[in-house]
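I opened the model today with my notebook beside me.

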Amino acid sequence: MDLTKFSWTREPQSCEIMGDRIEVVTKPHTDLWQRTYYHFRNDNAPVFQMETEEKYFSFIVKTEFEGSHHRFDQCGIVMYLDSENWLKGSVEYENEEFQHLGSVVTNQGYSDWATTVIDSSVKTMWYRLSRREDDYSIECAADGDEFQQMRICHMHAGKGKIRFGIYACSPEESSFKAVFSGLELMECQWRAHDGQQPDEVAMIRRMQKKDTGKVADIWLCTNLEAHGFIPAKYWKDNFETVKEMLGQAEVYVYGEEEEIQGFVGLDDDYIAGIFVRSGMRSGGIGKRLLDYVKGIKPQLSLSVYQKNERAVRFYRREGFVIRGEGMDENTGEKEYSMMWKNE
């Protein structure tokens with residue numbers, strides 16, 4: 001990650017950055033907490049964060065805290081918006097026998113703390129913070145590989161532009177060195193829920209002219225991610241042409257208010273494609289769009305790249321059958337011709 005995009009909200013006793021390694025020495029009597037149970041308000045812990053408006057992402061960091069030795073010494077992952085709206089995940093030292101692995105979520109000036117006890121010998125922990133709009137997930141992994149859920153929460157002020165990163169503090173008369181490394185920002189690893197479907201807040205409607213830019217962006221991103229076997233230049237070179245064609249096409253979008261999460265494009269009864277925004281896939285949006293057009297068309301046909309095995313499985317599962325094979329002259333890739341009839 002580009003650490004030049006990060007900045008301090010309150011600086012620690014000292015900090016040294018060497019490549020992607022950050023060493024922080026805490027100040028005594030620094031902490032984050034608001035009101036609940038203890039009836040005090042602490043808001044002086046150093047946090048090192050970057051800004052983003054990306055609504056779907058995951059952020060990973062490794063923490064090392066060999067020097068942690070005094071009650072409540074802690075370091076970990078954080079999303080600090082302001083004094084009354086923030087979340088954090090960390091290991092808090094308790095004594096020579098045990099520590100608390102936990103998270104604190106603070107909404108509108110009140111904190112709550114969820115913990116589990118771990119052995120005091122643990123001195124390394126990985127964290128993964130994931131965002132899905134204004135909902136967040138905190139996970140941890142002792143080995144940096146097998147992440148386990150610590151917390152799912154909603155942040156009342158967590159929509160739009162946010163700040164996230166790392167923190168370290170010593171609430172009592174103590175100081176220690178915390179080491180952060182392996183910082184990585186990636187596509188959201190917290191997938192859409194695949195069980196009970198959400199209450200129907202989202203709707204399917206005909207695309208409007210004002211939607212064109214968002215729909216075209218989803219078209220480009222989806223093709224780049226789903227068709228790694230085709231050079232990215234092909235999709236980028238065709239972006240403006242497709243954007244212009246969208247205005248004359250029969251397109252239906254799925255989303256809440258101005259937030260478009262996916263769309264389907266039709267040419268009479270031919271499906272030009274179903275596209276779902278990154279981070280929203282595997283959550284049933286593609287099926288809802290397909291079910292919608294099944295309801296307005298007596299039959300449907302489409303072409304799908306043979307190498308796009310995931311899409312082939314999806315259409316087969318939804319009742320499409322392969323009617324033939326061919327070659328896409330523009331890409332040189334083999335395709336299946338598939339058809340569905342309302343019988």
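Here are my entries, in the order I made them.

**Ground rules.** I am reading a predicted model, so I kept in mind that local features need pLDDT of at least 70, that side-chain atom pairs count only at pLDDT 80 or more, and that totals for chains, interfaces and linings use all residues. Residues are numbered from 1 along each chain as its sequence is written, and side-chain values use heavy atoms, with hydrogens and water left out.

**Entry 1: the open sheet.** I looked up strand order first. Helices (H or I, at least four residues) and strands (E, at least two) are DSSP runs, numbered from the N terminus. Two strands pair if DSSP finds at least two bridges between them. I found an open sheet of 7 strands, in the order S2-S3-S16-S7-S12-S13-S14, with antiparallel pairing. Which strands sit at the edges? They are S2 (14–18) and S14 (148–154), and each pairs on one side only. From one strand to the next, the twist averages 20°. For that angle, axes are lines fitted to C-alpha atoms, and angles run from 0 to 180 degrees between N-to-C directions.

S12 (residues 124–132) and S13 (residues 135–141) pair antiparallel over 7 bridges. Arg132 stands opposite Asp135 in S13. I noted the background too: strands of a sheet pair through backbone hydrogen bonds, either parallel or antiparallel.

**Entry 2: strand S18.** Is S18 (residues 250–256) largely enclosed or open? I found 6 of its 7 residues buried, so the rest of the structure largely encloses S18. Buried means under 20% relative accessible area, exposed over 50%, and partly exposed in between (1.4 Å probe, protein chains only). S18 pairs with S17 (residues 203–206) in the antiparallel sense over 4 bridges. Tyr252 in S18 is the bridge partner of Arg206. S18 also runs antiparallel to S19 (residues 259–267), joined by 7 bridges. There, Gly255 stands opposite Ile260 in S19.

**Entry 3: helix H3.** In H3 (residues 239–246), I marked Phe239, Val242 and Leu246 as buried. Why do they line one face of the helix? Seen down the axis of H3, the buried residues fall within an arc of 65°, so they share one face. The arc is that of the directions from the helix axis to the C-beta atoms. The buried residues of H3 pack against H1 (212–226), H2 (232–237) and S18; contact means heavy atoms within 4.5 Å.

**Entry 4: two loop arginines.** Most residues other than glycine have a negative phi. Arg10 has a positive phi, near 70°. Arg10 is in the loop between S1 (7–9) and S2, and counts as partly exposed at 26% relative accessibility. Arg35 also has a positive phi, of about 65°. Arg35 lies in the loop between S4 (32–34) and S5 (41–43), and is partly exposed at 22%.

**Entry 5: the largest pocket.** A pocket is an open set of points on a 1 Å grid where a 1.4 Å probe fits, with protein on both sides within 12 Å along at least five of seven lines; lining residues have an atom within 4 Å of a point. The largest pocket is lined by 50 residues, and Ala272, Gly273, Ile274, Phe275 and Tyr315 lie nearest its centre. Which element gives the most to the lining? S20 does, with 7 residues.
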